[in-house]
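Here's a quick tour of a protein model for you to follow on screen. Keep the viewer open and click along as you read.

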Amino acid sequence: METIIRVTKLAAANDVFKFSIDSPKELMVTTDTRNFIKLKGWVLGIDGTVPELVLDCGKATRFFAGVERLDVAKVHSGAPENCGFETFIEAGKDIKVGALYNGTVVWLASVSFEPVNVLVGHDGYLFLDHDSNKSVMQYSGELLIDAGNLDRWEQYFSKIEVEQSKNIFTAAFLIAPAKEYIFPEHYPVIRRGATPFDQFLSRFQYSAPIINPISQLLSSRNYSYSKIDTHWTHHGAHVAAELVCRHFGHKFVDADYDYKFVPTAGDLGVKLLPQISESLPYPDFSVLNGMRIFDNKIPNRGRVHIYANENSSSDKTCVVFGDSFSTTLIIHLIFSFRRLVHVFSGADIDWAIVNHEQPDFLLAEMTTRFLIKAPSAEFSLKSELTRKLSAFNSSQRRSAITNLARFTDPSIEYYKSISMAELNKSSV
């Protein structure tokens, strides 16, 4: 397993000890819990003596310094030459190193092993690994959608069909392909059979309003996905947005953003040590500042953005429920509609919002690795905000209330009042 070794000095120790952990260094390694690595360093008490050491890896054991460190003695005048220590620790098992001071253990440093949720593919391509959805097992065909979730997917699309006939909107379900489907030759896992993506399409592509953009993304794949991120790029999002409008039978209006190249480590490159970065084109979003009439700034699930484009040639409203891929997607849909409401929900649909907005178009988006679990039939923004805001401290609540007060457009009062009510409830 790819693992990052983290060595953290604990500040409290500086008052009574001088010390250094020379090994291990912070780096990325392949670890096996059957292997051992060297723990090496030196320690001096403020009185110049060498203390007894303690190693805690679930069970505390004592050991002694005694290794000659002439280099330390030269720098710290009068220090004993035997202030060094060396021992071995089990790879993959977190430990703390301490020293005895007046009979009490003072912890000097911790050594931790953090699994890297990154699969390093061919030609420098990075892919997601060790995620809760077991995306590697999905792609290899070892894990499929179970019967219960297939039934719930059936119910999900049936509900959309019923609501669509009652409220007269056009609905679509957009699949955002994971990068391994776009660059299979760079993915270091063999696809041995049907995947949940295949299973899902086989079951629903002809009976539900599904948009599968994989062929269009493949045709410009080097621009659609980067090497160091799981998500599509802005080019990929643009491709998907155009397809969405085509499916709706609605004119796509290109935002025509100005782009500049920005170095980024993405959500995968940032997990490596050292980090791997890539320069990618990013739009100048300043043009959106006057169009964003609401943003509750809730992290991830539960976040709501609302945009009003008064200069749009369209008078249509679009409501989007989606996961992290949808955050870039909506940036390329905004100019095609008079009003766009975006809820970060992982494709869970809040029908109260749909009934409130009475949209012309309803879009749900989900990436392939989430298909393994059908959306919740009980999702509501209100309950999601209850869950998220209950964890806010008083400072975070004040900040959230100040943010909500900035938005005064009458058309967002429904969302503002829900957020404010839940904030007030969470403070009780």
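Is N300 buried or exposed? N300 is exposed, because its relative accessible area is 53%, and the cut-off for exposed is over 50%. Keep in mind that this is a predicted model.

**The seven-stranded sheet**

- Seven strands line up as an open sheet in the order β13-β12-β20-β18-β19-β17-β16, and their pairing is mixed.
- At the edges you'll find β13 (210-211) and β16 (292-295), each of which pairs on one side only.
- β16 has an antiparallel partner in β17 (residues 304-308), with three bridges between the two; here D295 stands opposite H305.
- Strands of a sheet pair through backbone hydrogen bonds, either parallel or antiparallel.
- Now look at β20: it runs parallel to β12, with seven bridges between them, and parallel to β18, with four bridges.
- F361 of β20 turns up in both pairings, as the bridge partner of T170 and of C318.
- How many of the residues of β20 are buried? The count is seven of seven.
- Both faces of β20 are covered, with F361, L363, E365 and T367 on one side, and L362, A364 and M366 on the other.
- In a regular strand the side chains alternate between the two faces of the sheet.

- Eleven of the 15 residues of α8 are buried, among them H234, A237, V244 and F248.
- After α8 comes G249, which has a positive phi near 70 degrees.

**The three-stranded sheet**

- A further open sheet has three strands in the order β2-β4-β7, with antiparallel pairing.
- Its edges are β2 (17-23) and β7 (84-90); each has a single partner strand, so one side of each has no neighbour in the sheet.
- On average, neighbouring strands here are turned by 25 degrees against each other, ignoring direction.
- Seven bridges link β4 (residues 36-45) to β7 in the antiparallel sense, and K40 stands opposite E86 in β7.

**The cores**

- In soluble globular proteins, nonpolar side chains tend to be buried together.
- The largest nonpolar core in this model has 93 residues, and W153, F157, F173, F200, W232 and L333 have the most contacts inside it.
- Which element gives this core its largest share? That's α8, with eight residues.
- Leaving aside neighbours within four places in sequence, F200 is in contact with several residues, including I145, W153, F157, F173 and L371.
- There's also a second, separate core of 22 residues, which includes F17, I89, A99 and A109.

- S419 sits in helix α14 (residues 413-426) and counts as buried because its relative accessible area is 4%, where buried means under 20%.
- Not counting residues up to four places away in sequence, S419 touches F294, N296, L385, L389 and L404.
- R192 is in the loop between α4 (179-182) and α5 (196-204), and is exposed at 68% relative accessibility.
- Although R192 and Y139 are 53 residues apart along the chain, their C-alpha atoms are separated by 8.3 Å.

- Most residues other than glycine have a negative phi, and most peptide bonds are trans.
- Back to N300: this residue is in the loop between β16 and β17, and its phi is positive, about 55 degrees, although it isn't a glycine.
- D256 also has a positive phi of about 55 degrees without being a glycine; it lies in the loop between α8 and β14 (259-264) and is exposed, with a relative accessible area of 65%.
- The peptide bond from S23 to P24 is cis, with omega near 10 degrees, and P24 is in the loop between β2 and β3 (27-30).
- L273 and P274 are also joined by a cis peptide bond, with omega about 0 degrees; P274 is in the loop between α9 (266-269) and β15 (278-283).

Technical notes:
Residues are numbered from 1 along each chain as its sequence is written. This is a predicted model: local features need pLDDT of at least 70, side-chain atom pairs count only at pLDDT 80 or more; totals for chains, interfaces and linings use all residues. Side-chain values use heavy atoms; hydrogens and water are left out. Two strands pair if DSSP finds at least two bridges between them. Buried means under 20% relative accessible area, exposed over 50%, partly exposed in between (1.4 Å probe, protein chains only). Axes are lines fitted to C-alpha atoms, for helices over the stretch in contact, and angles run from 0 to 180 degrees between N-to-C directions. Contact means heavy atoms within 4.5 Å. A nonpolar core is a set of buried Ala, Val, Leu, Ile, Met, Phe, Trp, Tyr and Cys residues joined through side-chain atoms within 4.5 Å.
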